[in-house]
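The sequence and structure are shown first.

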Amino acid sequence: MIKYFCTALLMLADIFEMSACTSAIISGKLTENHRPILWKHRDTSCLDNVVEIIKGEDGQIEYAALFNSTDTARAEAWLGFNKAGFAIMNTASYNLKNDTITEMDNEGFVMAEALASCCTVDDFEQLLKEMPKPLRVEANFGVIDAFGGAAYFETDNWSYKRFNVDDTEDGYLVRTNYSKSGRKDEGYGYVREATAEYLLKDYIGDKKVTPMVFTEDISRSFYHSLIDDDFSDTEATWVVDRDFIPRYSSSASVVIEGVEVGQNPLATTMWTVLGYPPCGVVEPIWLDGTGVPEGLKADRVTGKAPLCEQANELKKSVFPLERDNGKNYLNIKVLYNNEGTGICQTNRIKSLEKYKEGYEHVEKLLKKK
């Protein structure tokens, strides 16, 4: 009986691990170009993600969002932004729910509805008030808009609590898999939250936060805040994959960079790394008619995004052990080595070139009204 109970606990732990994410909202007061940032490092059981633009019909707003590749109806958006400059993402929470409702996980539907109908953070709050209850969610929704709004909404089946970034002393907020308004010491992601805070600290202090900080540093970092060690610089080859921000269950790292008040909302940019983030390369997305890069769109035959598949294929060399609990052990030397030829090191160079090209396009958009 004890054996089966322990097995069940381990399976439960895996479920929570796969339903976890790390996220942040950064005020434009702390960024190099004064534009706000919304970031989500996604962990999920669906490791194949795609990006698609959903056209606005019947008065709805056109938007771009990340979807599970298996969601062919594109009904559940897991983060995205729309033509009005409104953007949204979520992290699962595990310390808010106080009822016996079992049919949950409606967050993707809520976010799809928000992207199709909301222009501002206040609009999203009104949507939460008006949607039928129970909402069937337990989540931290992060939102920004083109009018200076930025907030988290810690939301359960019946209510929510709003946390405005402008109300904070430091000008930013981080959320993982528990809610500040929830039950004390319950939920998950305390170590990851501390890690994100640590990795952000110097950029926050210097007011030099950029999207690259998230996709190229934090989502590729193997610093562990509890142990206080950076395992990308270890002499060892094998590392236990536990409580880093990038994990076996990571499927994407996405930064939505908003606009300053008065700027063209079409300059809102979704910097996207699909697949296991340490093995991926960033691609930018706009809603200016340029469309989604081919590497991020679903292939007509496989239904999967080529860049996601490439990153996940490289991930196999990071987690090469297939027997026993192989997925819990990563070969750090495949990602980082003294020669500078590790996957993280070489892909970072490729991503920085993508950022350079992307910001040249952004400059053109900012000149338009």
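## Basis of the description

A residue is called buried at under 20% relative accessible area, exposed at over 50% and partly exposed in between, using a 1.4 Å probe and protein chains only. The model is predicted, with local features requiring pLDDT of at least 70 and side-chain atom pairs counted only at pLDDT 80 or more, whereas totals for chains, interfaces and linings use all residues. Residues are numbered from 1 along each chain as its sequence is written, and side-chain values use heavy atoms, with hydrogens and water left out.

## Helix H4

Helices (H or I, at least four residues) and strands (E, at least two) are DSSP runs, numbered from the N terminus. H4 covers residues 190–206, 17 residues in total, and its first and last C-alpha atoms lie 25 Å apart. This is close to the 24 Å expected at 1.5 Å a residue, the expected span being 1.5 Å times one less than the number of residues.

At Leu200, H4 bends by about 45°, the angle between axes fitted to the seven residues ending there and the seven starting there. Just after the helix, Lys207 adopts a positive phi of about 55°.

## Packing of H4

The buried residues of H4 are Val191, Arg192, Glu193, Thr195, Ala196, Leu199, Leu200 and Ile204. They pack against strands S1 (21–26), S10 (172–175) and S11 (223–224), and against helix H5 (211–217); contact means heavy atoms within 4.5 Å.

## Cysteines

The structure holds 0 disulfides, a disulfide being a pair of cysteine sulfur atoms within 2.5 Å. Cys21 is in none, and the nearest cysteine sulfur, in Cys46, is 12 Å away. Cys21 is buried, at 5% relative accessible area.

The sulfur of Cys344 has its closest cysteine sulfur in Cys279, at 6.5 Å, which is too far for a bond. Cys344 is also buried, with a relative accessible area of 2%.
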